[in-house]
Amino acid sequence: MFNISDLKLDGRALINGKRVQGGAVFTKTSPVDGRVLAEVTRGGEAEIDLAVQAARAAFDDARWRGLPPAQRKRVMVKFADQLLAHADELALTETLDMGKPVRYARAVDVNSAANCIRWYGEAVDKIYDEIAPTGSQSLALITREPVGVVGVIVPWNYPMIMAAWKIAPALAAGNSIVLKPSEKSPLTALRLAELALEAGIPPGVFNVVPGFGLEAGEPLALHMDVDCIAFTGSTKVGKRIHVMAGLSNLKRAWTELGGKSPNIVFADCPDLDRAVEAAMGSVFFNQGESCNAPSRLLVEASIKDAFLEKALALVPRYAPANPLLPDTIMGALVDKTQMDTVLGYIAAGQQDGAKLIAGGAQVMGDSGGFYVQPTIFDGVTNRMRIAQEEIFGPVLSVLSFTDAAEAVRIANDSIYGLQAAVWTRDINKAHGVARALKAGTVHVNQYDEDDITVPFGGVKQSGVGRDKSLHAFDKYTELKTTWIRIDSPL
């Protein structure tokens, strides 16, 4: 068992294989109880430039990209093994850093990150290039090449998983990386870079610079020697990422952004209890701090009362508690700023006329941490802020509809298009509604089924590009066509 007293948290940047203090620091405290965790490098333009230089040198001398794919695979597999070998340490760090229950940090975050790194490592020597169907006097080769230096900016809600989704395919393809984790949860990213070095990834290939968005994120997105920027975060910031990519060197920009996912339950739902369990479990998982949380619950009017009766019976299960305890299901929000944002949306819902039927308040105020009750609003209309804006907290908005056409209209009336769900026993309705929904992922009679083999991303203002699956390689490689003339004597 790994104990808090065993943790040695190092907040210094990691550039070119070495820890670097940088010119300024900030104090990272825990949302669990307010304890000081570490003094963390407050990276700026100088540290970003140093990291990009290291990444460029590593790419240009081919210390990583020049290795045979099978050799990169073996190193990536060792990297994944390192995560599992340090699983308890990483899980405890993640919980202290951003507030999620340690049981899920260990079972979900560490395991998912390790699986992602392993999967892309295993995949890279099984992907073949192409030969085009040309005439007999030519040979046209279509090959994939690593794009170069990849800048990565990840959020605070799933620090390890979001980092792995981006660094794993980028590294496997042979790129060099500069990762800027969120200032709200920088510590596991820094530890991942150390473990990558121990696994055999050469210095300079994977660099981590913590810092704030304006001070470190913008210089990374604007840097003229970064070939690609991959970002997960809010739609507001994601739009700026695309602008900065264009204002600089027209670098490739990939964004996975916000969501306000509709969860549609028809009266002919095959298992109402399962639908209720899925709705509650998914929207309150990770304290509601999930971009794909089903935060808009659309229930057919004839079964809404029955659904809500069952839902309210489950609310006590999600009462916030200390996330360091082994049985906690819902932990702390990431910081006071986020807690105040969530409480502000709860107040807005009440002001707009929605009916608060569960929760709605801060709890455990004497803990030094940031905890909010699981909250449910009934009587929500789709024009209310709590139905249109991403809250990123444990708040469920319940709307009703009378037929499939109305359900689809409400569901699609959003700037987002990340995920959705449909519950019905009618196969024709399931397919028809799924096709009509504007979302990157649609679930039928379940929610949150997930696997590294399927792409994840959205449409509309939920972002550009896909994480996960073999499709992620498209983001971190460039296609090159090579024409060879063949003057055959035969």
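In this predicted model, three bridges join β17 to β18, and the two strands run parallel. Phe 377 stands opposite Ser 397 in β18. On the pairing with β14, the sense is antiparallel, again over three bridges, and there Phe 377 is the bridge partner of Leu 356.

**The seven-stranded sheet**

These strands belong to an open sheet of seven strands with mixed pairing, in the order β14-β17-β18-β13-β12-β19-β20. The edges are formed by β14 (355-358) and β20 (441-444); each has a single partner strand, so one side of each is left without a neighbour in the sheet. On average, neighbouring strands of this sheet are turned by 25° against each other, direction ignored. Elsewhere in the sheet, β12 (residues 262-265) and β19 (residues 419-423) run parallel and are joined by three bridges. Asn 263 has Ala 421 in β19 opposite to it.

In a regular strand the side chains alternate between the two faces of the sheet. Strand β17 can be read in this way: Thr 375 and Phe 377 point one way, whereas Ile 376 and Asp 378 point the other way, and all are buried.

**Helices against the sheet**

Helix α11 (residues 336-351) lies across β14, β17 (375-378) and β18 (395-401), and runs at about 20° to β17. A further helix, α13 (residues 404-412), has as its buried residues Ala 407, Val 408, Ile 410, Ala 411 and Asn 412. The cover over the buried residues of α13 includes the strands β12, β13 (296-300) and β18, together with helix α14 (427-436).

**The α1–α7 pair**

Helix α1 (residues 45-60) packs with helix α7 (residues 213-222) at an angle of about 40°, their axes being 8 Å apart. Angles under 35 degrees count as roughly parallel and those from 65 to 115 as roughly perpendicular; α1 and α7 are therefore oblique to each other. The crossing in which α1 passes α7 is right-handed. At the contact, Glu 45, Ile 48 and Val 52 in α1 meet Glu 215, Ala 216, Pro 219 and Leu 220 in α7. The residues of this contact divide into five nonpolar, no polar and two charged.

**Individual residues**

Two residues other than glycine have a positive phi, as tabulated here.

| Residue | Phi | Loop | Relative accessible area |
|---|---|---|---|
| Met 364 | about 55° | between β15 (362-363) and β16 (371-372) | 26% |

Buried means under 20% relative accessible area.

Ile 484 is placed in strand β22 (residues 477-485). With a relative accessible area of 35%, Ile 484 is partly exposed. Its C-alpha lies 5.6 Å from that of Ser 138, although Ile 484 and Ser 138 are 346 residues apart in sequence. Leaving aside residues up to four places away in sequence, Ile 484 touches Gln 137, Ser 138, Leu 139 and Leu 141.

Notes. Residues numbered from 1 in each chain as written. Predicted model: local features only at pLDDT ≥ 70, side-chain atom pairs only at ≥ 80, totals over all residues. Heavy atoms only, no water. Pairing = 2+ DSSP bridges. Helix = DSSP H or I, 4+ residues; strand = E, 2+ residues; numbered from the N terminus. Axes fitted to C-alpha atoms, helices over the stretch in contact; angles between N-to-C directions. Contact = heavy atoms within 4.5 Å. Buried < 20%, exposed > 50% of the residue type's maximum accessible area, 1.4 Å probe, protein only. Parallel < 35°, antiparallel > 145°, perpendicular 65-115°, else oblique. Left-handed = near helix turned anticlockwise from the far one by under 90°. Nonpolar A, V, L, I, M, F, W, Y, C, P; charged D, E, K, R; others polar.
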